[in-house]
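Hi everyone, thanks for coming. Let me walk you through a structure that may be new to you.

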Amino acid sequence: MLFRLAEPYLSVRNDLLHTQVAHQYCLRLLSAEGGDQRIVEPAVILHDVGWSKLPPEQLKIAFGIRAGGPEARRLNRIHEVEGAVIAGRLLQTLNYDPGLIEQITEMIERHDSGKHPESLEEKMLKDADKLWRYSGVGFRQEVERQGVGRHEMVRFLERLLSALFTPTALLLAEEELKTRAREIGTT
Ligand SMILES: [Fe+2]
Ligand SMILES: [Fe+2]
């Protein structure tokens with residue numbers, strides 16, 4: 001249901017697949033790490049709806065391993081802030097608990113820029129978002145979308161391991177990364 005509501009917003013940057021994969025990871029994190037499913041699941045499903053507020057030509061500047069500088073940061077911030085607003089609205093239409101909506105939208109509002117997650121749920125959102133890039137489909141899509149080499153992407157993902165918060169996410173990422181490295185013949 002929530003996916004259906006989010007879909008029109010996610011299709012703008014082709015983020016539906018990203019979100020579905022992140023959602024699958026979030027379910028695995030929930031079963032291994034615990035955490036409040038009523039918060040984590042909607043947060044993951046809705047975390048990127050804010051990209052729909054940016055025109056396509058600006059989307060390229062805003063993300064990826066080569067993104068940087070104040071303009072990328074400004075655009076990234078827009079997707080967080082607008083995403084929180086849209087997510088809050090969508091959850092209200094479902095009569096979701098207002099206290100939960102508040103927690104979910106606060107997490108979405110800083111899902112990229114926030115460096116110090118305050119709760120297990122927030123850590124899981126950040127981890128599920130990143131795990132997408134380690135998955136087979138996410139790796140291939142990001143390589144193409146960001147125009148980077150596969151070896152460069154593997155090296156980037158090795159560095160990114162230290163940015164994961166939960167032990168389960170680290171385990172999953174390391175496993176996937178081994179497979180990606182094998183696929184491109186680096187091991
Ligand atoms: Fe995002
Ligand atoms: Fe994302």
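Let's start with helix α7, where Glu121, Glu122, Met124, Leu125, Lys126, Asp127, Ala128, Asp129, Lys130 and Leu131 are buried. Buried here means under 20% relative accessible area, exposed means over 50%, and partly exposed is in between, with a 1.4 Å probe and protein chains only. Helices (H or I, at least four residues) and strands (E, at least two) are DSSP runs, numbered from the N terminus.

Before I go on, a word on the source: this is a predicted model, where local features need pLDDT of at least 70, side-chain atom pairs count only at pLDDT 80 or more, and totals for chains, interfaces and linings use all residues. Residues are numbered from 1 along each chain as its sequence is written, chains are lettered from A and ligands numbered from 1 in the order in which they are written, and side-chain values use heavy atoms, with hydrogens and water left out.

Back to α7: ten of its twelve residues are buried, so this helix is mostly covered. What covers those buried residues? The cover includes α2 (16-33), α3, α6 (98-109), α9 (150-160) and α10 (167-183), where contact means heavy atoms within 4.5 Å. The length of α7 agrees with expectation, because twelve residues at 1.5 Å a residue should span 16 Å and the end C-alpha atoms are 16 Å apart. That expected span is 1.5 Å times one less than the number of residues.

Which residues coordinate the iron ion (ligand 2)? They are His18 (NE2), His47 (NE2), Asp48 (OD) and Asp129 (OD), at 2.1 to 2.3 Å. Donors are N, O and S atoms within 2.8 Å of the metal (3.2 Å for Na, K and Ca), and since water is not among the atoms, sites may look incomplete.

Along the chain, the donors of this iron ion (ligand 2) follow the spacing H-x28-H-D-x80-D. His47 sits in the loop between α3 (37-46) and α4 (56-62), while Asp129 is in helix α7 (residues 120-131), so the pair ties together parts that are 82 residues apart in sequence. His47 itself counts as buried, at 0% relative accessibility.

The iron ion (ligand 1) has Asp48 (OD), His79 (NE2) and His111 (NE2) as its protein donors, 2.0 to 2.2 Å away. Asp48 lies in the loop between α3 and α4 and His111 in the loop between α6 and α7, so this pair links parts 63 residues apart in sequence. And here is how the two sites meet: Asp48 bridges the iron ion (ligand 1) and the iron ion (ligand 2), which lie 3.6 Å apart.

Buried or exposed: which describes Asp48? Asp48 is buried, with a relative accessible area of 4%, and His111 is buried too, at 3%.

Let me finish with His79, found in helix α5 (residues 69-93). His79 is buried, with a relative accessible area of 0%. Its side chain makes a polar contact with the side chain of Asp48 (3.0 Å). A polar contact is a pair of N or O atoms within 3.5 Å; within protein, one must be able to donate a hydrogen and the other to accept it, and residues adjacent in sequence count only if both atoms are side-chain atoms. Leaving out residues up to four places away in sequence, His79 touches His47, Asp48, Gly50, Trp51, His111 and Asp112.
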